[in-house]
Amino acid sequence: MSHRKILVGLIALMILLAFASPTWADLPPRPVPPLPPTPEPIDRLVGGWIELQAQNVKGQWSVAQWQDSAGNWVNVESWRGAFDSVNEGGGVKKWWVDQASFSVTPFRWVVYEPRTNQIIAMSQPFNLPTQNRQTVSVSVTLAP
């Protein structure tokens, strides 16, 4: 067989395959499996929470601090942020505490004005939870 006939045959076969094969639009839709339910993270099965409740909240943010052996208050960088919810001026900020930190003391909440970075309120010192699923709530009132 000549090279020309082989070449023509291959081109004809490629054209036939191009028109005979289905396009993406012709394929049936693939089912999307449902996502499995998200279990509660293992590290959240044993522990508790600290919660700041504040009145007159208007965009402020808070940080929890712990007191070192020299009496200095040190920010807990992972427990910092805006209030989780604000309803009718009352705000709530809540953080998870793992069991390894139970009973560590003392802590306090500090509330800042974000525009000036000035402290506008500090809570009384408090202890972290001492038992599983316990919430330690502390309240402050911000100036109106």
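## A buried phenylalanine

At 5% relative accessibility, Phe107 counts as buried (buried means under 20% relative accessible area, exposed over 50%, and partly exposed in between, with a 1.4 Å probe and protein chains only). The structure is a predicted model, in which local features need pLDDT of at least 70, side-chain atom pairs count only at pLDDT 80 or more, and totals for chains, interfaces and linings use all residues. Residues are numbered from 1 along each chain as its sequence is written, and side-chain values use heavy atoms, with hydrogens and water left out.

## The chain as a whole

The chain contains 1 helix and 8 strands; helices (H or I, at least four residues) and strands (E, at least two) are DSSP runs numbered from the N terminus. In sequence order the pattern reads α-β-β-β-β-β-β-β-β.

Of the 144 residues in the chain, 28% count as buried. The accessible surface of the chain is about 10300 Å², and 60% of this area belongs to carbon and sulfur atoms; areas come from the Shrake-Rupley method with a 1.4 Å probe, and for residues only the protein chains shown count as cover. Among contacts between residues at least 6 apart in sequence, 63% join residues at least 24 apart, where contact means heavy atoms within 4.5 Å.

## The four-stranded sheet

An open sheet is formed by 4 strands in the order S3-S2-S6-S7, with antiparallel pairing; two strands pair if DSSP finds at least two bridges between them. Strand S3 (73-82) and strand S7 (118-122) stand at the edges with a single partner strand each, so one side of each has no neighbour in the sheet. On average, neighbouring strands of this sheet are turned by 35° against each other, direction ignored; the axes are lines fitted to C-alpha atoms, for helices over the stretch in contact, and angles run from 0 to 180 degrees between N-to-C directions.

Strand S2 (residues 61-67) runs antiparallel to S6 and is joined to S6 by 6 bridges. Trp66 stands opposite Phe107 in S6.

## Aromatic pairs

Rings of Phe, Tyr and Trp (its six-membered ring) pair if their centres lie within 6.5 Å; planes under 30 degrees apart count as stacked, over 60 as edge-to-face and the rest as tilted. By this rule there are 5 aromatic pairs. One of them is the tilted pair of Trp79 and Phe107, at 5.8 Å centre to centre and 50° between the planes. This pair links distant parts of the chain, with Trp79 in strand S3 and Phe107 in strand S6, 28 residues apart. Trp79 is buried as well, at 11% relative accessibility.

The ring centres of Trp109 and Phe126 are 6.3 Å apart and their planes lie at 20°, so this pair is stacked. Because Trp109 lies in strand S6 and Phe126 in the loop between S7 and strand S8 (135-141), the pair ties together parts that are 17 residues apart in sequence. Trp109 is buried, with a relative accessible area of 0%, and Phe126 counts as buried at 7% relative accessibility. Ring pairs link Trp79, Phe107, Trp109 and Phe126 into a cluster.

Glu113 is located in strand S6 (residues 107-113). At 13% relative accessibility, Glu113 counts as buried.

The side chains of Glu113 and Arg115 are joined by a polar contact of 2.6 Å; a polar contact is a pair of N or O atoms within 3.5 Å, where within protein one must be able to donate a hydrogen and the other to accept it, and residues adjacent in sequence count only if both atoms are side-chain atoms. Not counting residues up to four places away in sequence, Glu113 touches Gln60, Trp61, Gln118 and Ile120.
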